[in-house]
Amino acid sequence: MTASSNATVQMYDLAGSDESLRFSPFCWRARFAVAHKRLALDTIPWRYTDKARIAVHGADRVPVILDRGTAIADSWRIADYLEDTYPDRPSLFGGSAGRGLARAISNWADLVLHPLVLRMKIGDVYATIHERDRDYFRQSREARFGRTLEQLTAEAHAAVEPFHNALEPLRRTLEQQAFLSGQEPLYADYAVCGAFQWIS
């Protein structure tokens, strides 16, 4: 299916207490994917306690995009949707084999990079989110890690060395080529870059 060249995508995007601060690595993946497809994007600030706003679209977390009457949740499903809906625009994967490899890199980032980044930055995230989100954030993250937020913040330094070690495959790859995907960035690069946007 070929879509209109002047399409504008809307996206619910996680915001801090300052609406201009957007820090979700998954939302950044979706933003990069939309930009790669050369589509216009309007973002809608969303916070953790705004779940009712996206529940109407069958989602309980962001990113959620709205495109020509279709709602798509989850950064990977968004990438799949954009690739299949806009085949006349630059490919996010470079073919079916690239799609499979991009999924593997995305899963690696989810399971390896993200937990380490969160351990390093959890105190900073808590300080930047909206006040009304803080109880939810504290309860959900303390349940996930089995430690208080204060303990996690105090232990943040312990994640630095494992994080640097986890990056070694990326360093070796980027010594040999310009991007993880080769000579130009594709979705695998965006999946990793989202984690670094979180850090910054």
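The axes of helix α1 (residues 25-36) and helix α4 (residues 96-128) come within 12 Å and cross at roughly 150°; helices here are DSSP runs of H or I with at least four residues, numbered from the N terminus. Axes are lines fitted to C-alpha atoms over the stretch in contact, and angles run from 0 to 180 degrees between N-to-C directions. Helix α1 is therefore roughly antiparallel to α4, a label given to angles over 145 degrees. On the α1 side, the contact (heavy atoms within 4.5 Å) is made by Pro-25, Phe-26 and Arg-29, and on the α4 side by Ser-106, Ala-109, Asp-110 and His-114.

The model is predicted: local features need pLDDT of at least 70, side-chain atom pairs count only at pLDDT 80 or more, and totals for chains, interfaces and linings use all residues. Residues are numbered from 1 along each chain as its sequence is written, and side-chain values use heavy atoms, leaving out hydrogens and water.

Helix α4 also packs with helix α3 (residues 75-85), at an angle of about 160° and with the axes 11 Å apart. These two helices are therefore roughly antiparallel as well. Here Trp-76, Asp-80, Glu-83 and Asp-84 of α3 meet Arg-99, Ala-102, Arg-103 and Ser-106 of α4.

What about the interior? The largest nonpolar core has 55 residues; such a core is a set of buried Ala, Val, Leu, Ile, Met, Phe, Trp, Tyr and Cys residues joined through side-chain atoms within 4.5 Å, buried being under 20% relative accessible area with a 1.4 Å probe, protein chains only. Its largest share, nine residues, comes from α4.

Key. Parallel < 35°, antiparallel > 145°, perpendicular 65-115°, else oblique. Buried < 20%, exposed > 50% of the residue type's maximum accessible area, 1.4 Å probe, protein only.
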